[in-house]
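Trainee: I would like to go through the labels used for this model and ask what stands behind each.
Mentor: Go ahead.

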Amino acid sequence: MASSADDDVIDRLKRNVDPTVVSGREAAIQKRAAEQYEKAQNRLRDLVDNNSTLPVTIYSIRINGPKNTRKSFVRKVLEEAFEKNKEPGLTLDDALRELRRQCDTFQKFGIFHPPSLYIDSAGEKDGKTRLKAQINIKELSRFILKSGTDLGNTEGSGYMNVTYRNMFGGAESLSGYVSRGTRTRSAYELNFQTPINSNPDMLLQASGYSSTRSHQYYASHDEVLRGGKLGVRWGEHETGYTGVWRQLTDLAQGASSTARADAGDSVKSSLWHTFTRDHRDNHLLPTRGWMVKMENEVAGWGGLGGDVAFWKNEIETQIATPIGTSGISVSAGLRGGLLYPLSLGVGDNKKPPQPSRINDRFKLGGPTDVRGFRECGLGPRDGKDNVGGDVYIAGGANIYFPLPKVGPEKPLRLQAFVNSGRLVGLQGLTKGGENVNSSVSNALKELGNGLPSVAAGFGLVYAHPIARFELNFCLPLVTRARERSRKGLQLGIGINFR
């Protein structure tokens, strides 16, 4: 047993140790460990490189860790790896690439931590080295509960989201979302998602939703939506069906005749498809790359049902490029849309094309859309209400500068921008719908009639991982009659800036 004198000696020795010496020793230990790890990795890399063409066969793959995932689901994921064994000339390099791809596949399901891969030899047979692979997988928590507040596009809201992952052991998920805010007064959604054929890149999604949103700030009404959606997403494509019951209600005193005519109930039944190819380095603040997106929706045509019928198409493109190594970058984008009325129903119940409704038309303008104009401030108006349009084109260009003493690697930039837009309604469409083509043609001609609305400005941009924030000083340069511009400071918060 140590005496109190011994304890005093030890305490004095501890007090006399220079903290910088201890820190230096720890740093040296960490450095040696890092060097040893790097040497081990280099030896493994050399071993693989020197034997990359070695003929092999994948003898077995063992999966360790998952407790709530079905074995049949795991076997289905691994089928492709064993199919590789049937290909002649499988090499060590091919096998390692396929096994790493399998690890990536498991992670894509969103229910596992990053897997780890271990490989060993199981001897030789028929002149080929047999490989034993072990993939260690740790499942993520099955339940996720998130709550918080959102602030963006002149709206504040509080939300709660609950997700149940890997419900039936095949990477299925069920999530519920509840939100209440200043404009979206209430929103409820229940969404189910499951991979098709154990493929994380092909998902089946089904959802039901209900929301009440105020549009009093631009069109003197509220909108209530209750509906459902069924869709499939694969690669760059997404397609599906939507059925929704819409109500335009709570008309304000002095609401326009357009809002009053469209008030009440309507049902939209539509098929839709979206194609997105995105090669930007960052979708919130891109410095290089390009993106193209096309959306198509067909409602009410043929046997789809509902009481509105149209074809709605939107195309959007963006390109970004750096200027040398200065940290300065330039981006530019262009987009447009067309809403084309269609005949409703088939046979004896077929009805001619009708003018579009206010809740189906395009809206344009705002801090995340066409800066320098109020939200939904561009396009046709009836009295004090913005009633939307059927054809639009909009575009803009930005130049981003790194802040002094901050550096180009930080997601904080100075920007200068110019953007413009033009939104028009169909010209002279009658209730009989006999002149749809001429109405669309007149609307397209009207897009080029005079200058579009234009604004320029400068400000600060911050790209947070979940949203983009902008504080800009805007100067409208061209404002068409009755459109609502905004000179001065404008704050924009959102995930889709155009």
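Mentor: Start with the terms: buried means under 20% relative accessible area, exposed means over 50%, and partly exposed is in between. The model is predicted.

Trainee: Why is Leu475 called partly exposed?
Mentor: Leu475 has a relative accessible area of 37%. That value lies between 20% and 50%, so Leu475 is partly exposed. Its place is in strand β20.

Trainee: Which residues form the nonpolar patch on the surface?
Mentor: Phe458, Leu471, Phe473, Leu475, Leu477, Leu489 and Leu491, with about 670 Å² of accessible area together. Two or more residues each come from β20 (468-478) and β21 (488-494). The largest share, four residues, is from β20.

Trainee: What makes Cys474 buried?
Mentor: Cys474 has a relative accessible area of 0%, which is under 20%, so the label is buried. Cys376, at 9%, is also under 20% and therefore buried.

Trainee: How many disulfides are there?
Mentor: The count comes to zero. A pair of cysteine sulfur atoms has to lie within 2.5 Å to be counted.

Trainee: Which residues have the most contacts inside the largest nonpolar core?
Mentor: Ile61, Ile63, Phe106 and Ile135, in a core of 24 residues. The elements giving two or more residues to this core are β1 (56-64), α3 (71-83), α4 (92-108) and β3 (128-136). With six residues, α4 gives the most.

Trainee: What does Ile135 contact, leaving aside neighbours within four places in sequence?
Mentor: Its contacts include Ile61, Ile63, Cys103, Phe106 and Leu117. Another core, of 13 residues, lies apart from the largest one, with Phe310, Leu339, Phe362 and Leu378 among them.

Technical notes
Residues numbered from 1 in each chain as written. Predicted model: local features only at pLDDT ≥ 70, side-chain atom pairs only at ≥ 80, totals over all residues. Heavy atoms only, no water. Patch = residues over 30% accessible without salt bridge, like charges linked within 9 Å, V, L, I, M, F, W, Y side chains within 5 Å. Areas by Shrake-Rupley, 256 points an atom, 1.4 Å probe, with all protein chains shown as cover. Salt bridge = Lys/Arg side-chain N within 4 Å of Asp/Glu carboxyl O. Buried < 20%, exposed > 50% of the residue type's maximum accessible area, 1.4 Å probe, protein only. Core = buried A, V, L, I, M, F, W, Y, C linked by side-chain atoms within 4.5 Å. Contact = heavy atoms within 4.5 Å.
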